[in-house]
Amino acid sequence: MSADTVRGPRAWLGYALVTVVLWGVWGAFSGLSPQYGFPETLVYCVWALTMVPPALIVLSMARWRLDRSVRAIGYGLAVGLLGAAGQLILFYAVARGPAYLIFPVISLSPVVTIAMSFALLGERTGRLGAIGIMLALLALPTFDFSPGGAGGAAAGWLLPAILVMLCWGVQAYFMKAANHVMSAASIFVYMTLSGLLVIPIAWAMTDWTRPINWGLDGPGLAALIQVLNAIGALTLVFAFRYGKAIIVAPLANAGAPLATALLSLVVLGVVPGALKIVGIVLALAASLLLAIEPDATDTNAETGLPNSAGT
């Protein structure tokens with residue numbers, strides 16, 4: 001039995017909900033490891049390694065068949081390297097800023113996907129997409145605004161968060177296109193291989209002059225947190241594979257960041273300022289509208305795959 005045949009009429013919903021829960025929890029606790037003295041660059045290395053067991057499992061389910069056409073390799077590496085770059089930058093961001101603000105910014109990645117579809121495929125967004133883009137443009141400045149001229153304090157995490165948004169927005173464009181030319185198992189395997197390829201870069205970026213926590217609450221805690229991301233990435237691939245993107249995208253793009261933001265606020269016991277709350281609400285509303293825009297995320301009714309080569 002192959003990985004692509006393990007599905008029921010509601011399999012996509014289970015995959016999507018598992019992704020929301022796992023990524024919501026992962027996002028809320030992703031900044032813990034640097035706080036315990038384990039650098040974000042090494043957190044990346046641990047994350048890349050946690051992708052290996054799920055990749056082996058899904059590849060075995062696919063009877064060890066890996067799509068190796070030029071297009072498959074190209075799409076696979078594009079998806080994987082963009083995801084890996086986003087992860088590396090994200091770990092930098094969460095070491096310097098609050099997850100309840102960072103993840104709502106990242107949730108605006110559909111803006112990038114829609115923009116690419118507009119520019120490269122000539123697609124047009126509808127009313128919901130237009131409203132979503134407007135809300136996104138209104139939301140971003142609120143994260144860097146602070147009365148009294150202290151807005152620059154956000155610079156340490158806001159720009160990296162925006163870069164992650166860009167990486168993952170482009171990644172979504174290629175991930176949906178990849179489903180036309182390769183299996184979900186192959187997509188995930190190439191994502192894993194790409195993540196491993198970036199490990200030497202992350203290792204070289206590590207500041208070895210500073211003390212590093214090699215205890216259980218260092219790499220051990222990082223592995224416990226990052227395996228949630230790895231499994232969530234796998235279930236997301238299958239959610240998009242078997243479900244309609246118009247349903248899956250809102251759950252992944254808005255549900256997971258919302259869960260992260262709320263859980264982070266509960267764990268930290270803090271209440272952000274009124275303007276930051278407005279920004280969070282605007283960002284999450286924008287991501288939801290962008291994700292459910294039919295013109296941008298319509299799929300084939302029979303296969304559950306996107307109708308076009310992009311979103």
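The lining of the second largest pocket divides into ten nonpolar, four polar and no charged residues. Here Ala, Val, Leu, Ile, Met, Phe, Trp, Tyr, Cys and Pro count as nonpolar, Asp, Glu, Lys and Arg as charged, and the others, Gly among them, as polar. The model is predicted, so local features need pLDDT of at least 70 and side-chain atom pairs 80 or more, while totals for chains, interfaces and linings use all residues. Residues are numbered from 1 along each chain as its sequence is written.

**Second largest pocket**
- This pocket holds about 260 Å³ of space.
- Of its 14 lining residues, Ala28, Gly31, Gln35, Ala99 and Leu268 lie nearest its centre.
- Two or more lining residues come from each of α1 (11-29), α2 (32-35), α6 (99-106) and α13 (245-268).
- The element giving the most is α13, with four residues.

**Largest pocket**
- About 300 Å³ of space lies in the largest pocket.
- Its lining has 14 residues, and Phe38, Pro39, Glu40, Asp207 and Arg210 are the closest to its centre.
- Seven nonpolar, three polar and four charged residues make up this lining.

**Packing of α5 and α6**
- Helix α5 (residues 70-94) packs against α6 at an angle of about 150 degrees, with the axes 10 Å apart.
- The two helices are therefore roughly antiparallel (angles over 145 degrees).
- Leu90, Ala93 and Val94 of α5 make the contact (heavy atoms within 4.5 Å) with Ile102, Phe103 and Ile106 of α6.
- By class, this contact has six nonpolar, no polar and no charged residues.

Definitions and conventions. Side-chain values use heavy atoms; hydrogens and water are left out. On a 1 Å grid over the protein atoms alone, a cavity is a set of points where a 1.4 Å probe fits but cannot get out, and a pocket is an open set with protein on both sides within 12 Å along at least five of seven lines; lining residues have an atom within 4 Å of a point. Grid points are joined across faces, edges and corners, and a volume is the space filled by probe spheres set on the points. Axes are lines fitted to C-alpha atoms, for helices over the stretch in contact, and angles run from 0 to 180 degrees between N-to-C directions. Angles under 35 degrees count as roughly parallel, over 145 as roughly antiparallel, 65 to 115 as roughly perpendicular and the rest as oblique.
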